[in-house]
Amino acid sequence: MSKNYFAGIDVGSTAIKVALVDEDGKMAGEHVTPSGSLFHKNSLAALAALLAQTGVQREQVRYLIATGYGRKLFKEADDSISEITANAMGAFETGKAYGGVRTIINIGGQDSKAIQIDDTGSVVHFVMNDKCAAGTGRFLDVAARNLELDLEELGEYHFKGTCAPLKINSTCTVFAESEIIGLLANGHGKSEIIAGIHYSIAVRTARLARRVGLEKHVYFDGGPALNKGLVAALQEELGCEIIVPEFPQTTTAFGAAILARNEFLTEVEDAH
Ligand code: ADP
């Protein structure tokens, strides 16, 4: 008999993330691709890519839950849930390896949020910033483009500077773009500018996180958590250790896949 699998798809504003788990809730594969503008088509392609990558057949995926900004546009899912619930579950499950998680900080492509969960993984409360791109991945994307660097390089440059991080004063991404260009024109080094950008995001994120309260352990996920410079800046601003999981960008998709598995197993149990 072929094995059963369960999928979570996080249709984000910037990237589509798909995760596959088996009946034991173990991660069987993950895939990340840009969202583009055709959310449904690109989500289908992301799922197909993950299936090809893992050798799992579509029929073996017994339940599929969509989450994220564009979840309603993906018509293939069996169900959809909020990214807060999916993120909480993903962090709760992956956080067990680090001794448990209570505070989740997520930075996405266009928003950021802080979630407090209890010891069962249920959401106690959360706060969200989806009004301003300044403390989000978008800010990093704009900076990388202006500095002619790949996103992956921002983290490395953070630690290369010989001067103190520069203060980025602009509170808006559009103005920050001009400010970065101005700093470059005045002969400032890329490292000092990048470290300044990371601290500027970290200050905003720490302010948001304090609104839900910082309870141990504090966990950081979302695409920008791949940036080690930002992680270091955030840790400094919060004044406490933060846990970054192995695959920080796919935690929410993983949480949705776990919830898909739980839902399916409950339905099977109820049917008996
Ligand atoms: P969303 O769910 O809103 O689409 P994600 O959690 O997928 O957001 O994060 C997207 C952001 O992650 C991008 O805007 C980018 O700034 C950042 N990012 C993606 N890949 C990397 C990487 N390899 N290194 C650093 N940052 C990254």
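Reader: Is cysteine 163 buried or exposed?

Author: This is a predicted model, and in it cysteine 163 is exposed, with a relative accessible area of 52%. The cut-off for the term exposed is over 50%. Cysteine 240 is partly exposed, its relative accessible area being 24%.

Reader: How many disulfides does the count give?

Author: A disulfide requires a pair of cysteine sulfur atoms within 2.5 Å. By this rule, the count is zero.

Reader: How should I read a sheet, and what is the order of the five strands here?

Author: Strands of a sheet pair through backbone hydrogen bonds, in either a parallel or an antiparallel sense. Here the five strands form an open sheet in the order 8-7-6-9-10, and the pairing is mixed. Strand 8 (123-129) and strand 10 (242-243) are the edge strands, each pairing on one side only.

Reader: In which sense do strand 7 and strand 8 pair?

Author: Strand 7, residues 112-117, pairs with strand 8 in the antiparallel sense, over six bridges. Serine 112 stands opposite asparagine 129 of strand 8.

Reader: How far does helix 6 reach, and what follows it?

Author: Helix 6 comprises 23 residues, 190-212, and spans 34 Å from its first C-alpha to its last, close to the 33 Å expected at 1.5 Å a residue. Glycine 213 follows helix 6 and has a positive phi, near 95°.

Conventions: Residues are numbered from 1 along each chain as its sequence is written. This is a predicted model: local features need pLDDT of at least 70, side-chain atom pairs count only at pLDDT 80 or more; totals for chains, interfaces and linings use all residues. Side-chain values use heavy atoms; hydrogens and water are left out. Two strands pair if DSSP finds at least two bridges between them. Helices (H or I, at least four residues) and strands (E, at least two) are DSSP runs, numbered from the N terminus. Buried means under 20% relative accessible area, exposed over 50%, partly exposed in between (1.4 Å probe, protein chains only). The expected span of a helix is 1.5 Å times one less than its number of residues.
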